[in-house]
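I opened this notebook to record a few look-ups in one protein chain. The entries follow in the order in which I made them.

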Amino acid sequence: VIKCKAAVAWEAGKPLSIEEVEVAPPKAHEVRIKIVATAVCHTDAYTLSGADPEGCFPVILGHEGAGIVESVGEGVTKVKKGDTVIPLYIPQCGECKFCKNPKTNLCQKIRITQGKGVMPDGTSRFTCKGKPIYHFMGTSTFSEYTVVADISVAKIDAAAPLDKVCLLGCGISTGYGAAVNTAKVEPGSTCAVFGLGGVGLAVIMGCKIAGASRIICIDINKDKYAKAKEFGATECISPQDSKKPIQEVLVEMTDGGVDYSFECIGNVGVMRAALEACHKGWGVSVIVGVAAAGQEISTRPFQLVTGRTWKGTAFGGWKSVDSVPKLVTEYMSKKIKVDEFVTHNLPFDKINEAFEHMHSGK
């Protein structure tokens, strides 16, 4: 058993608490990882807020991390002690019907136990003050050591800087893949990106790499426009600057609508606007943002009858074990940006400050 520091969420709506936790050794087909760096994501904040119906407490959150394998359980063959890895919240077992289908990346092998905050055998590897602590998204990167299933880990280039590539565990991969895998953006196309957080910036990057000629970005926070333009945005607009609904503004700007739109916020009203900003006959709108539980999307069916397509994406459609090492290689060879997404580096005990920066849009 390893004793180390972790940021424990004891209950919903309260700040994280830095505690000493015990991390049990990995069982069969499990891997214990020393987490070197972790990022914070709105998904962590959503669960912490108490709005997530799958949220269980007390829990160690975090799902964008990178580290070094400390030990492996019986039967683990893909990684060994000392390997550099990224934990994966969408695993890839290679055996379930989802893994065998090239159309999806949504491996279901451990979905039920992962959603309940436990390891595949139904128990936790974390204890704090004598109480078991739940796992989160199968990763729990807000701990100096964590235990994950062996199908939930990608071995990456040992030379990769872990304080940067941890972002490939969720946000950057999700946005980039939404553009290149889910939408399959084509050269010369016109795109609209709603929401300029990390995921939105990654979508812009994906659209640019795919050869889009016009990338229109929509956000009410104008402080984000300069960064968006660095990533490839051709123009930035705020819905608050027009009396017309934003979809009408976009349709006018683009002679009938955009070829591809992306919703990167998780707001069902914006999801509708993103679809309706698409061009009749061929426009494709991808939902990337995660809306709160119980919310529903709506539009007039005529929008779809007249040739628009509404899609969604999880982790950018990447089959995780296969794709994450390749994404790291793309970063190392400067094909994709990662460093530019990092605005702040904080010590672990300032993790609540990191959440404050995220909520304030900094």
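**Entry 1: Ser-140**

Leaving aside residues up to four places away in sequence, I found Ser-140 in contact with Ile-60, Leu-61, Gly-62, Phe-126, Tyr-134, His-135 and Thr-146. I note that the model is a predicted one. Ser-140 sits in the loop that joins strand E8 (131–133) to strand E9 (145–149). I then checked its burial: Ser-140 has a relative accessible area of 0% and is buried. Its side chain reaches two backbone atoms, the oxygen of Ile-60 at 2.7 Å and the nitrogen of Phe-136 at 2.9 Å.

**Entry 2: Asp-44**

I located Asp-44 in helix H1 (residues 42–49). Asp-44 is buried but forms no salt bridge. I looked for the nearest side chain of opposite charge and found Arg-111, 14 Å away. Beyond four places in sequence, the residues touching Asp-44 are Ala-39, Leu-61, Gly-62, His-63, Phe-136, Phe-142 and Phe-355.

**Entry 3: the annotated domain**

From UniProt, in an unreviewed entry, I took the feature "domain: Alcohol dehydrogenase-like N-terminal" at residues 28–156. Over residues 28–156 I recorded 13% helix and 30% strand, with the end C-alpha atoms 22 Å apart.

**Entry 4: helix H8**

For helix H8 (residues 246–253), I listed Ile-246, Gln-247, Val-249 and Leu-250 as the buried residues. They lie on the same side of H8, because they cover an arc of only 160° around the axis. Among the elements covering them are strands E11 (190–194), E12 (214–218) and E13 (235–237), and helix H9 (268–276). After H8 comes Asp-255, with a positive phi near 55°.

Methods:
Residues numbered from 1 in each chain as written. Predicted model: local features only at pLDDT ≥ 70, side-chain atom pairs only at ≥ 80, totals over all residues. Heavy atoms only, no water. Helix = DSSP H or I, 4+ residues; strand = E, 2+ residues; numbered from the N terminus. Buried < 20%, exposed > 50% of the residue type's maximum accessible area, 1.4 Å probe, protein only. Lys, Arg positive; Asp, Glu negative; His and termini not counted. Salt bridge = Lys/Arg side-chain N within 4 Å of Asp/Glu carboxyl O. Contact = heavy atoms within 4.5 Å. UniProt positions renumbered as here; feature names shortened; annotations may be inferred. Arc of directions from axis to C-beta. Polar contact = N/O pair within 3.5 Å; in protein donor to acceptor, adjacent residues only side chain to side chain.
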